[in-house]
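Please look through the structure shown here before reading the notes that follow.

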Amino acid sequence: MKNTTLTWGITLLLALVLLGSCQPESKETSSVAPLIDQVKESYAPDKRVAIFDIAFENDSLKGQTNLPQALEELTKKLDSAGVSFTNQVDLLPDKALAGKTHGVVTISVANIRSAPKHSAELATQATMGTPVNVLKKDGSWYLVQTPDNYISWVDAAGIELMDQSAYDQWEGSPKLVFTGLLGYVYESEDESMMVTDLTAGNLLKLVAENKSHYQVALPDGRQGFLQKDMAMPFEEWITTRSLSDHNLISTAKNMMGVPYLWGGTSIKGVDCSGFTKTIYFLNGQVIPRDASQQVHEGELVDTEKNWDKLEVGDLLFFGRKATEDRPERIVHVGMWIGNNSFIHSRGRVRISSFDPNSPNYDEYELGRYLRTKRIRQIPSEHVIEVAKVMN
């Protein structure tokens, strides 16, 4: 009898638990989800460049976003729909940063990852002197947004945190641009000990100069000496930036043989879109980070493999064509250099040709060619001048 009673009690308890867990979501909850989705699609369709992670739970809006306008739009929609709620959304930048919401990359190349740990996927890179918006902290990692709006995590050693005053001081100081491919800042003019390595496009503060060296300061305050023939004042450098055929081809060919690196955007290693991004950056323009973003900029030039339409600097996109049951997928990009040839990063930076008689003939890329876009001298929403973000 005791066993029967016990079994009946356990069965009843399980039934009550299952009944509670299977209750349908409230009408209010189900009506809010579509509104959240509408705002997210409008303001943050690409999670790589915007944060809008919001949910409605227990009569509260919870989550985080770096888009105050989007959050305001959502709350207005909820008010209009007569939904009663408590707003518990964390608006980034996080208040815990205590105003230090600016950062400047202070190593030659900062690895910026998809999660706050060194084992996470390399999402992108940023070179010394690049300003970033700091959104929040997790341990020794910071969630940052780069000038091309990419959002990912950087180790604390990679950036110097600044409040608005310190950042304004850095931004207003005279700068130098490292013009070599690879180099060093040394502790003294005898160049016996290194302070840091440098890569193309690194930005440093000018402290003083003599006949042979610049005295420079890094964003974190470290100082040293740099050979004068390896750098030039930023204002002078920016006036020499031009998206001419010569400059684009020369910059690209100077990186011949550089190894492929997923997430790489520097002379130390590049992926396909990191390569095209670096070419344009070193010639005065910041373009979107990924091939699937770059393809939306500029104007359409070709979809029919009519190479006569192409000009130096045009971006060629490759991938999988759309079918009835799956969308198009952009997976690769290269830059046209003329003579039926383009330069790209696949395994290493290399030149490929669409001429069957060329030793560089690339049947593989020809087979997955999708289209060509032109961004040079074409106004485009997400293409901006380096001078506007690096100063």
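A pocket is an open set of grid points, on a 1 Å grid over the protein atoms alone, with protein on both sides within 12 Å along at least five of seven lines. In this predicted model, the largest pocket holds about 750 Å³ of space, and the second largest pocket has a volume of about 530 Å³.

**Confidence**
- The mean pLDDT of the protein is 93, and 92% of its residues reach a value of 70 or more.
- Over residues 1-6, however, the pLDDT is below 50, and this stretch has 0 contacts in the model beyond its near neighbours in sequence.
- Residues 12-25 also stay under 50 in pLDDT, and the model gives them 1 contact beyond four places in sequence.
- Where pLDDT is low, the predicted coordinates should not be read in detail.

**Helix α6**
- Helix α6 covers residues 245-253, and its buried residues are Asn247, Leu248, Ile249, Thr251 and Ala252.
- The cover over these buried residues includes helix α7 (272-281) together with β23 (329-338), β24 (341-346) and β25 (348-353).

**Strands β4, β7 and β8**
- Strand β4 (residues 102-105) runs antiparallel to strand β7 (residues 131-138), and 3 bridges join the two; Gly103 has Val132 of β7 as its bridge partner.
- Strand β7 also pairs with strand β8 (residues 141-145), in the antiparallel sense and over 5 bridges, with Tyr142 in β8 as the bridge partner of Lys137.
- Together β7 and β8 form a hairpin with 2 residues between them, and Gly139 in the turn has a positive phi of about 65°.

**The largest pocket**
- Of the 31 residues that line the largest pocket, Arg48, Glu121, Ala123, Tyr150 and Asp290 lie nearest its centre.
- The elements that give two or more residues to this lining are β6 (122-127), β9 (151-155), α7, α8 (291-294) and β23.
- Strand β23, which is also part of the cover over the buried residues of α6, gives the most to the lining of the largest pocket, with 4 residues.
- Sorted by class, the lining of the largest pocket has 14 nonpolar, 7 polar and 10 charged residues.

**The second largest pocket**
- The second largest pocket is lined by 23 residues, and the closest to its centre are Val49, Asp148, Asn149, Gln293 and His382.
- The lining of the second largest pocket divides into 10 nonpolar, 7 polar and 6 charged residues.

Note on methods. Residues numbered from 1 in each chain as written. Predicted model: local features only at pLDDT ≥ 70, side-chain atom pairs only at ≥ 80, totals over all residues. Heavy atoms only, no water. pLDDT = per-residue confidence, 0-100. Contact = heavy atoms within 4.5 Å. Buried < 20%, exposed > 50% of the residue type's maximum accessible area, 1.4 Å probe, protein only. Pairing = 2+ DSSP bridges. 1 Å grid on protein atoms, 1.4 Å probe; cavity = no way out; pocket = protein on both sides within 12 Å on 5 of 7 lines; lining within 4 Å. Points joined across faces, edges and corners; volume = space filled by probe spheres on them. Nonpolar A, V, L, I, M, F, W, Y, C, P; charged D, E, K, R; others polar.
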